Amino acid sequence: MDFGLKNRVALITGAGKGIGRVTALTFAAEGAAVALIDLDGAAAQAVAQEIRAAGGCAVAQQCDITNADSVNSAVDAVIAELGRIDVLVNNAGISRDATLLKMQESDWDLVMDVNMKGTFHCCRAVLPHMKAQKWGRVINLSSRSIFGNPGQTSYSASKLAVVGFTRSLSLEQARNGITVNAVAPGFVETEGIRSHKSYAQLKEVAVSKIPVGFLGDPTDIASTVVFLASEQARYITGTTVFATGGRFSS
Ligand SMILES: NC(=O)c1ccc[n+]([C@@H]2O[C@H](COP(=O)([O-])OP(=O)(O)OC[C@H]3O[C@@H](n4cnc5c(N)ncnc54)[C@H](O)[C@@H]3O)[C@@H](O)[C@H]2O)c1
């Protein structure tokens, strides 16, 4: 199926590794030009180089999405290099897990700043460009943990905030040709998770709770994001797609 993404420009935050990296590679494979943004500028550059080596078009910017000036400079640079932004994937996200009574206030603030405020900053910087061209797709990464996970009060709260943000913004932008949706992944096997010291145990516990019986792969999330960015998804807005292998509860 042709998703109509050739000649489109997709900006992906947190594209230096994990789901963001694979999402960037998937957009590039669909013929889109890709702008990769990451706190880790070298990682974003490496993925951009990987895309260019395969014949695609990609640029990379070091950027801290918690900082409005940093986001605005990165978006300005992308517009200067690629001329437009059609798709924004708010993928960059972090967790700082601890039970509530052991949670540091600074960790709470950081999770909210990256997962929630970062999405706010990126939408504010990119939406004027989409509005001017009367076409846009915003896809925000939420998480299955909105249904609850012990040790993740901050993360769950930030990712449920993303769902509410998505619904309200979709209503604001519906008449501008811009759709706004969220994708909520379940347990996705990234390189970060594979290098976790309790990886084998984590995997065993997770698999036992996932109805389909296996962990998600970053490609499962990337393909969902690409579909929501496509022409075919023009009638879908304000929703959250759960890519969780059928798992909803904790
Ligand atoms: N992996 C999973 O199982 C899973 C499950 C549910 C939801 N998610 C969500 O999917 C998204 C991607 O997850 P992942 O596992 O690929 O993450 P990851 O940790 O592998 O990669 C996240 C990327 O975001 C970047 N980043 C962090 N803070 C940033 C900042 N302030 N500014 C710019 N970039 C920043 C990091 O440098 C990194 O490259 C996140 O929003 C995460 O919450 C992941």
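Mentor: Start with Trp108, which lies in helix α4. Keep in mind that this model is predicted. Trp108 has a relative accessibility of 30%, so this residue counts as partly exposed. Together with Leu100 and Leu101, Trp108 makes a nonpolar surface patch of about 360 Å².

Now follow α4 along. This helix covers residues 105–133. Helix α4 is also part of what covers the buried residues of α5. The rest of that cover includes β5 (136–141), β6 (178–185) and β7 (240–243).

What lies under this cover? The buried residues of α5 include Tyr155, Val162, Val163, Phe165 and Leu169. Helix α5 itself runs over residues 153–173, which makes 21 residues. From its first C-alpha to its last, α5 reaches 30 Å. That is close to the 30 Å expected at 1.5 Å a residue.

Last, look at the cysteines. How many disulfides does the structure hold? It holds zero. A disulfide is a covalent bond between the sulfur atoms of two cysteines. Here the cut-off is 2.5 Å between the sulfurs. Take Cys63. Its closest cysteine sulfur is in Cys122, 6.1 Å away, so the two are too far apart for a bond. Cys63 is buried, because its relative accessible area is 2%. Then take Cys123. Its closest cysteine sulfur is also in Cys122, but at 7.1 Å, so that pair is too far apart for a bond. Cys123 has 2% relative accessibility and therefore counts as buried.

Note on methods
Residues numbered from 1 in each chain as written. Predicted model: local features only at pLDDT ≥ 70, side-chain atom pairs only at ≥ 80, totals over all residues. Heavy atoms only, no water. Helix = DSSP H or I, 4+ residues; strand = E, 2+ residues; numbered from the N terminus. Expected span 1.5 Å × (residues − 1). Buried < 20%, exposed > 50% of the residue type's maximum accessible area, 1.4 Å probe, protein only. Contact = heavy atoms within 4.5 Å. Patch = residues over 30% accessible without salt bridge, like charges linked within 9 Å, V, L, I, M, F, W, Y side chains within 5 Å. Areas by Shrake-Rupley, 256 points an atom, 1.4 Å probe, with all protein chains shown as cover. Salt bridge = Lys/Arg side-chain N within 4 Å of Asp/Glu carboxyl O.
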